[in-house]
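Subject: Structure handover and notes

Dear colleague,

I am passing on the structure below, together with some notes on what was found in it. Please read the notes with the coordinates open beside them.

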Amino acid sequence: MSKRSDARIRELLASMASISSDLSVTAITHRVLDEAMAIYGASSGLLELTSSSHQQGHLAKGKDAAGLSQPAGKDEAKRLRLELRTRQEIFALLTLGPKNGKDRYSKADQELGAALAGSASVALENAQLYQDAADRARWLSACARIGGLLGGESRHHTQGLNEVAELASNESRASYALLLTPIEHQEGTGPGYRISGISQNLPDGLVGRVLPEQGESNELNLAYSTPLLLPTPDAILPAGLIPTGAHTLLVELSARATHYGILLMIREEGSDEYGPVDIQMAGIFADNVAQGLGLLQMHHLREEVLLYLERERIARDLHDIVIQRIFAAGLGISALSKHLPTLATRERAGAIAGELDTTIAELRATIYSLQATVGASESPSSRILRAIRLAAEPLDFTPRVHLGDGIDALVHQSTLTHVLAVITEALSNVVRHAHASAVELSIEPTSSTLHLRIHDDGVGLGAVHHESGLANMRQRAAELGGTLAVHSTPGHGTTLSWIIPLPAPPAPGRTD
């Protein structure tokens, strides 16, 4: 082996050691290009990263380096082109200009370059794996903070969404982040979105703003099961709402078949596109936000149920105990007034009895107020459970109830009204005729249908039964385009299956 070859091998080994001493993709790309140019004495060099490196762009050094990516024609032998690859994945393309500004590359140079490319490829892959692991750990740490940020006095007023948006902006390295929540809409209108959370570098006045129909948003389905990349936020946000933005990452906030909104992360023009790790972890982050919102709503729903039960207890006690006692006292005073000796005392007793009547009227108004204020903000599941409890109250056992996922997404009031009526009618039939010892009730909504099933272990319908209740349920199903099926065996109970189609949700931004 010649001294020249021995020296070049030592240079190669030193270059390999230098390249692999860092775990930063950016630092390694600079070292690869610098070491390669130094070994060959190349006048220029170009290193182009591919998508496999989870980064994009190129690094050029030396005179006329930018043109090295183009074919050189008859001077192609004066360039050395190397692929930095591992396991069939190309991480980068390395091109060196002429040696000493003019010389060609020999076969030995190409063999030496292949060894250098192999070492650089391993170093790049290790750096990328290290960086991906660090990014995932950073995102997971952010996910762990979500629960501590969310709060609120009611399930309709969630706090901490600004902090969540800021956290998403930081972890995604975005310039802006907005959290949009769906607003309630009437039947026949399209769902809208309200800006409920923003990152710190956006005006505070954006919070609470409702997004109007805007451009492509009329054709854009905002409910996605996977993250969506957009070239700009213009399809979602009106022009001028935020400073100019470019690469936009949209993720849905969804948990247990419930749509809680969307999260937008927007980078400035000229910034890098979102890499695979950011896209994947942003989806996991959004799932955690949705889970947090769902748990928060469940907590407030439980509080509302407890409040409802307490109000109902107070109303019942007022009606059954307090009013009855006041009424009895009024009757006693009226009876006593007949035996009073003077007109003045009798008039005084009559006035007291009148005051008691007024008190009873005010208590009745209070009872009505306690019962009416609860149902105003009740969710569909709460109303269904209340209807079941009231209808099954005469039974000496508790029905088994199963409500499927997504029952609270039942936003069509007319459909819910029919469901409540069928539940009440069916359980009323069980109370009056079935002589059952157990009842099972399930409601399973899907994307297109709702299936209500009620089974009891009673005596069955028998040869003769009253059709009026079943006729009402059958008519309600027919009005909605559904069906009613009844299966009954004498002595073995009855199964009622009420299936209706659910109206398709209107496209976002449409009112037709």
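This is a predicted model: local features need pLDDT of at least 70, side-chain atom pairs count only at pLDDT 80 or more; totals for chains, interfaces and linings use all residues.

Residues are numbered from 1 along each chain as its sequence is written, and side-chain values use heavy atoms, with hydrogens and water left out.

Five strands form an open sheet with mixed pairing, in the order E12-E13-E14-E16-E15; strands (E, at least two residues) and helices (H or I, at least four residues) are DSSP runs numbered from the N terminus, and two strands pair if DSSP finds at least two bridges between them. Strand E12 (400-403) and strand E15 (483-488) stand at the edges with a single partner strand each, so one side of each is left without a neighbour in the sheet. Neighbouring strands of this sheet are turned by 10 degrees against each other on average, direction ignored, where axes are lines fitted to C-alpha atoms, for helices over the stretch in contact, and angles run from 0 to 180 degrees between N-to-C directions. Within the sheet, E13 (residues 439-445) and E14 (residues 449-456) pair in the antiparallel sense over seven bridges, and Ser442 stands opposite Arg453 in E14. Helix H7 (residues 380-391) lies across E12 and E13, and runs at about 165 degrees to E12.

Elsewhere, strand E4 (residues 89-96) is joined to strand E1 (residues 44-49) by five bridges, the two running antiparallel, and Leu96 in E4 is the bridge partner of Gly45. E4 also pairs in the antiparallel sense with strand E3 (residues 80-86), over seven bridges, with Arg81 opposite Thr95 in E4. E3 and E4 form a hairpin with two residues between them, and Arg87 in the turn has a positive phi of about 50 degrees.

Asp135, which is in helix H3 (residues 107-149), is buried with a relative accessible area of 9% (buried means under 20%, exposed over 50%, partly exposed in between; 1.4 Å probe, protein chains only). Not counting residues up to four places away in sequence, Asp135 touches Arg173 and Val277, contact being heavy atoms within 4.5 Å.

Leu306, by contrast in topic, is in helix H5 (residues 276-337) and is partly exposed, with a relative accessible area of 44%.
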